[in-house]
Amino acid sequence: MSNEITLTKAEFKLDLEAASISVLDFVPERITPPIVIINSSSPYLQPSSLGNEYELNLTLIVVASTATNKKATENLDQAIHDVLNAMPRYARVLQVAEPYELQTNNAGYLSANISVQLEITI
């Protein structure tokens with residue numbers, strides 16, 4: 001059984017994949033970079049108007065492939081650029097946060113978070 005929240009995230013994932021971006025719409029047990037992970041943000045849902053209109057807040061975790069620091073930085077910048085260019089019209093970018101080292105799989109990956117907001121009707 002699907003709901004509007006799940007369907008919206010699935011559609012968003014497909015729109016990013018159409019631009020040749022590797023995307024997961026869940027947080028995996030193990031990651032294989034380069035990857036963009038769609039994660040929830042806070043507040044997850046908030047009313048945007050009267051009625052059934054809401055803003056769905058998400059964080060895109062952009063993870064660069066492993067490389068030397070210089071090359072990983074270039075890879076992350078390119079990945080951010082690609083995601084921003086692939087953003088569908090119904091998505092509003094709120095911010096791109098500073099890069100950080102994502103610790104997972106017993107390794108560190110250069111990453112950055114992109115905060116987005118999607119309009120949905122429930």
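Tutor: The discussion that follows sets values from this predicted model against the definitions of the terms.

Student: What makes the contact of E17 and K13 a salt bridge?

Tutor: The N to O distance between the two side chains is 3.1 Å. The limit is 4 Å between a side-chain nitrogen of Lys or Arg and a carboxyl oxygen of Asp or Glu, so the term applies. Both residues lie in helix α1, 4 residues apart, about one turn of the helix.

Student: How many salt bridges does a search of the whole structure find?

Tutor: The search finds 2 salt bridges. E74 and K70 also meet in one, at 2.6 Å from N to O. These two residues belong to helix α2 (residues 69-86) and are 4 residues apart, about one turn of that helix.

Student: How do you know which terms apply to E74 and K70?

Tutor: At 36%, E74 falls between the two cut-offs and is therefore partly exposed. K70 has 59%, which is over 50%, so K70 counts as exposed.

Student: What makes F12 and Y90 an edge-to-face pair?

Tutor: A pair of aromatic rings is described by the distance of the centres and the angle of the planes. The centres of the F12 and Y90 rings are 6.4 Å apart, within the 6.5 Å limit, so the rings form a pair. Their planes stand at 70 degrees, which is over 60, so the pair is edge-to-face. The structure holds 1 aromatic pair. F12 is in helix α1 and Y90 in the loop between α2 and β4, 78 residues apart, so that the pair links distant parts of the chain.

Student: Are the two residues of this pair buried or exposed?

Tutor: F12 has a relative accessible area of 0% and is therefore buried. Y90, with 27%, is partly exposed.

Student: What does F12 touch, and which residues touch the most other members of the largest nonpolar core?

Tutor: Beyond its neighbours within four places in sequence, F12 is in contact with residues including I38, L60, P88, Y90 and L118. The largest nonpolar core has 24 residues, and F12, L60, V62 and V83 touch the most other members. Elements that give two or more residues to this core are α1, β2, β3, α2 and β6. Another core, of 7 residues, lies apart from it and includes I31 and I61.

Student: Why is I80 called buried?

Tutor: I80 has 12% relative accessibility, under the 20% cut-off, so I80 counts as buried. I80 is placed in helix α2. Among the residues that I80 touches are V62 and V96. The C-alpha atoms of I80 and V62 are separated by 6.9 Å, although the two are 18 residues apart along the chain.

Student: How do you know that the buried residues of α1 are on the same side?

Tutor: The buried residues of α1 are I5, T8, K9, F12, K13 and L16. They cover an arc of only 140 degrees around the axis, which puts them on the same side of α1. What covers them includes β1, β2, β3, α2, β4 and β6.

How values were computed
Residues are numbered from 1 along each chain as its sequence is written. This is a predicted model: local features need pLDDT of at least 70, side-chain atom pairs count only at pLDDT 80 or more; totals for chains, interfaces and linings use all residues. Side-chain values use heavy atoms; hydrogens and water are left out. Buried means under 20% relative accessible area, exposed over 50%, partly exposed in between (1.4 Å probe, protein chains only). A nonpolar core is a set of buried Ala, Val, Leu, Ile, Met, Phe, Trp, Tyr and Cys residues joined through side-chain atoms within 4.5 Å. Contact means heavy atoms within 4.5 Å. Rings of Phe, Tyr and Trp (its six-membered ring) pair if their centres lie within 6.5 Å; planes under 30 degrees apart count as stacked, over 60 as edge-to-face and the rest as tilted. The arc is that of the directions from the helix axis to the C-beta atoms.
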